[in-house]
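Here are my notes for your first pass through this model. Have the structure open while you read, and take the points in order.

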Amino acid sequence: MEKHMDVKGLLILYTGHGKGKTTAAFGMAFRAMGRGWRVAVVQYIKGKWMTGERLFSAKQELLDLFVMGEGFTWESADLSRDQAAAEAAWAKTAALISAGDHPLVILDEITYAIHYGWLALDEVRAVLKERPAHVTVVLTGRHAPRELLDDADLVTEMQAIKHPYAQGIPAQVGVDY
Ligand code: ATP
Ligand code: MG
C-alpha cells in the first residue's frame, strides 16, 4: 500500500438529480485501489439488484462491498424492516470507519436512509466527524440534508441537463447497473 497516512481524509458528498453520483464514487475507488488502498463500500439501497459494480467488486481483493439487507428497496412495504436494515448497515459502517483499515469508505445512497428517517442524522454526523484523520468518506444520493453539505469538505451537485430516460430509454445493463 502506498502511504495513505499522510493524506488528509476528506468528507465528500455527491448529490443532486443528475446521473453520476455512484459512478463518481466508484471512480474514486478505482483510483484508490490503484494506489493499493483498501476500499469499503456500503450500499444503502439496491439490495435486491445484481449490479455490475457488485459483480466487479467480488473479484477485487482490495475492495470490500457490503450490501444492505435484502428487502431494503423502493418497493418494500415493510417500513420496520427497512429501518432495521438501515440500522444494521449503519452499525457496520460505523465500525468500518472507526477501524481505519480502509482509507476510502463509500456510503452509497446513504442520504435516502437519512431522508426517510431510518438513520439519525446526528449520529451519522458524529461518527463522520470522529473518523480517523486518514479516512476519506464519500456519501452519495439525492436529498442530502443541509447539515451534510455544511460538514462536507467537498460537495458536487450533479445537475441533470439531459437523461435518456426522457426519451423513454430505461436503465440499461452495463451503463446504469
Ligand atoms: P449512477 O449510478 O449511474 O452514477 P446516480 O448514482 O447519479 O447514477 P441515482 O440517483 O443513484 O443516480 O439513480 C440510480 C438510477 O437512476 C441510475 O440507473 C441512473 O441512470 C438513473 N438516473 C440518474 N439520474 C437520472 C435522471 N436525471 N433521470 C432519470 N434517471 C436517472
Ligand atoms: Mg446512485
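**Notes on the fold, the metal site and the cores**

1. Let's start with the sheet: 6 strands form an open sheet in the order S3-S2-S4-S5-S1-S6, and the pairing is parallel. At its edges sit strand S3 (63–67) and strand S6 (154–158), each pairing on one side only. On average, neighbouring strands of this sheet are turned by 15 degrees against each other, direction ignored. Strands here are DSSP runs of E with at least two residues, helices are runs of H or I with at least four, and both are numbered from the N terminus. Two strands pair if DSSP finds at least two bridges between them. Axes are lines fitted to C-alpha atoms, with angles from 0 to 180 degrees between N-to-C directions.

2. A word on the source: this is a predicted model, in which local features need pLDDT of at least 70 and side-chain atom pairs count only at pLDDT 80 or more, while totals for chains, interfaces and linings use all residues. Residues are numbered from 1 along each chain, and side-chain values use heavy atoms, leaving out hydrogens and water.

3. Gln43 stands opposite Val67 in S3.

4. Now the metal. Thr22 (OG1) and Glu109 (OE) coordinate the magnesium ion (ligand 2) at 2.1 Å. Thr22 belongs to helix H1 (residues 21–34) and Glu109 to the loop between strand S4 (104–108) and helix H4 (110–115), so the pair ties together parts 87 residues apart in sequence. Donors are N, O and S atoms within 2.8 Å of the metal (3.2 Å for Na, K and Ca), and sites may look incomplete because water is not among the atoms.

5. Are those two residues buried or exposed? Thr22 counts as buried at 11% relative accessibility, and Glu109 is buried too, at 7%. Buried means under 20% relative accessible area, exposed over 50%, and partly exposed in between (1.4 Å probe, protein chains only).

6. The largest nonpolar core has 30 residues, and Trp90 and Leu139 are among those touching the most other members. H3 gives the most to this core, with 7 residues. Such a core is a set of buried Ala, Val, Leu, Ile, Met, Phe, Trp, Tyr and Cys residues joined through side-chain atoms within 4.5 Å.

7. Last one: Ala88 is in helix H3 (residues 79–99) and is partly exposed at 48%. Its C-alpha atom is separated from that of Met68 by 7.7 Å.

Conventions:
Chains are lettered from A and ligands numbered from 1 in the order in which they are written.
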